[in-house]
Amino acid sequence: MPQYAALGKKDNVMRLWELYKERMLCVYNRGYKITITSLLKIGDIEGAEKIFEEWESEHSSYGIRIPNHLIAAYARNGLLDKAVAIIDRVILKGVKPDESHGVVWQECILLMIKLRRQLSFQETHFWPRDLGGGRTRIAKPELNDTAAESHGTETAPASTPALISEDWRMSQFWYDHHTAQTLAQEVLTLCKSDSQSLSTRVACVACPSLYAYLKNMDSDVSVQLLEYDKRFEQYGSDFTFYDYNQPEDLPLELKRGFDIVVADPPYLSKECLEKVAQTVSFLARSEKPFLLLLTGEVQKERAAELMGLLPCGFRPRHSSKLGNEFRLFTNYDPETRLGGWELDN
Ligand SMILES: C[S@@+](CC[C@H](N)C(=O)[O-])C[C@H]1O[C@@H](n2cnc3c(N)ncnc32)[C@H](O)[C@@H]1O
């Protein structure tokens with residue numbers, strides 16, 4: 001394969017890969033590695049991503065070597081969002097960084113510095129004092145075509161709207177059924193209790209499964225989904241394209257138009273939370289809006305500083321089991337719901 005790659009013969013690389021899979025009882029990491037690096041050598045990043053996806057779906061334990069090849073290629077090609085997305089994914093899977101991939105990730109960091117991208121996310125994530133701190137190795141989750149994953153004894157109703165499968169390149173982790181249903185129920189309770197508005201409007205910022213559950217539980221509820229993934233254009237005028245890098249690049253009619261704003265930022269960085277907070281304040285009505293934020297426990301202090309949010313007892317979970325602890329933060333005390341505010345003594 002490497003020889004064919006050196007000659008730029010992608011068809012031959014792929015032919016050998018198919019032959020290898022056909023003949024081998026078990027496809028080893030080495031096979032994936034050689035194929036991915038061969039395709040990257042030819043410059044076929046999309047082809048390498050496909051093999052990576054195959055590797056991910058076949059492997060229950062999440063090693064770092066295979067993702068590292070893609071991370072390095074993204075960095076070299078200036079595909080920084082993709083590099084950050086895969087690094088985030090690796091971290092969220094609970095993989096403990098070590099020296100060897102620290103070097104690869106450093107490549108990305110240096111590039112980002114060059115491009116004057118803000119790097120504060122490294123404090124929270126991986127560089128260097130935080131290496132692996134407190135994170136546990138976890139099993140590779142199944143990818144689901146719906147967010148309606150069973151949780152405990154509860155199972156999703158047959159009519160739950162089908163969600164698109166997660167795309168790791170966009171840091172997508174769908175809630176499990178119990179979480180999505182609990183959140184939707186909370187939002188509907190807020191809608192009913194909201195005395196300040198005649199027809200309460202809800203904004204779901206980067207949480208498409210909440211949008212789907214809300215619509216499923218009450219089709220009359222007015223919800224706008226702000227999302228980066230254009231596959232959700234299927235929701236018609238309820239969909240607004242949103243990139244957190246342009247926090248206020250949104251239609252003016254959305255400004256201050258929402259009584260309830262729920263946000264689930266794609267990344268655990270300071271920069272990302274600051275920008276999402278800017279969007280939340282753009283969207284929220286000026287008088288006592290209800291704000292809900294779902295993100296990692298690591299963002300607790302920033303959530304309080306930026307938006308005055310405090311953590312609730314309720315623990316959000318995802319259909320892919322993540323290594324990081326997730327929390328729900330609110331700007332109101334839900335009291336008997338969601339385990340109330342969990343205040344430090
Ligand atoms: C951690 S997931 C939250 C999804 C939520 N748990 C759910 O089940 O609906 C982050 C979301 O951010 C979106 N996203 C990815 N890149 C983004 C960007 N540049 N700007 C805004 N949102 C983005 C993803 O498509 C994804 O829906």
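**Exercise 1.** Leaving aside neighbours within four places in sequence, which residues is proline 316 in contact with? Work this out on the predicted model above.

*Solution.* Start by locating the residue: proline 316 sits in the loop that runs between strand S6 (310–311) and strand S7 (326–330). Next, set aside its neighbours within four places in sequence; the contacts are then Tyr175, Thr179, Leu294, Phe326 and Leu328. For a look across the sequence, take threonine 182: 134 residues separate it from proline 316, yet their C-alpha atoms are 9.1 Å apart.

**Exercise 2.** Decide whether proline 316 is buried or exposed.

*Solution.* Count the other C-beta atoms within 10 Å of proline 316, which gives 22. The cut-off for a buried residue is 20 or more, so proline 316, with its 22, is buried.

**Exercise 3.** Describe the shell around the ligand.

*Solution.* First, the count: the ligand is surrounded by 21 residues, and the closest are Ala206, Cys207, Ser209, Tyr228 and Pro266. Finally, ask which element gives the largest share: helix H10 (residues 208–217) does, with three residues.

**Exercise 4.** How many helices and strands does the chain have, and what percentage of contacts between residues at least 6 apart in sequence join residues at least 24 apart?

*Solution.* Begin with the elements: there are 12 helices and seven strands in the chain. Then turn to contacts between residues at least 6 apart in sequence; of these, 67% join residues at least 24 apart.

Notes:
Residues numbered from 1 in each chain as written. Predicted model: local features only at pLDDT ≥ 70, side-chain atom pairs only at ≥ 80, totals over all residues. Near = placed C-beta within 6 Å. Helix = DSSP H or I, 4+ residues; strand = E, 2+ residues; numbered from the N terminus. Buried ≥ 20, exposed ≤ 12 C-beta atoms within 10 Å, placed from the backbone. Contact = placed C-beta atoms within 7 Å.
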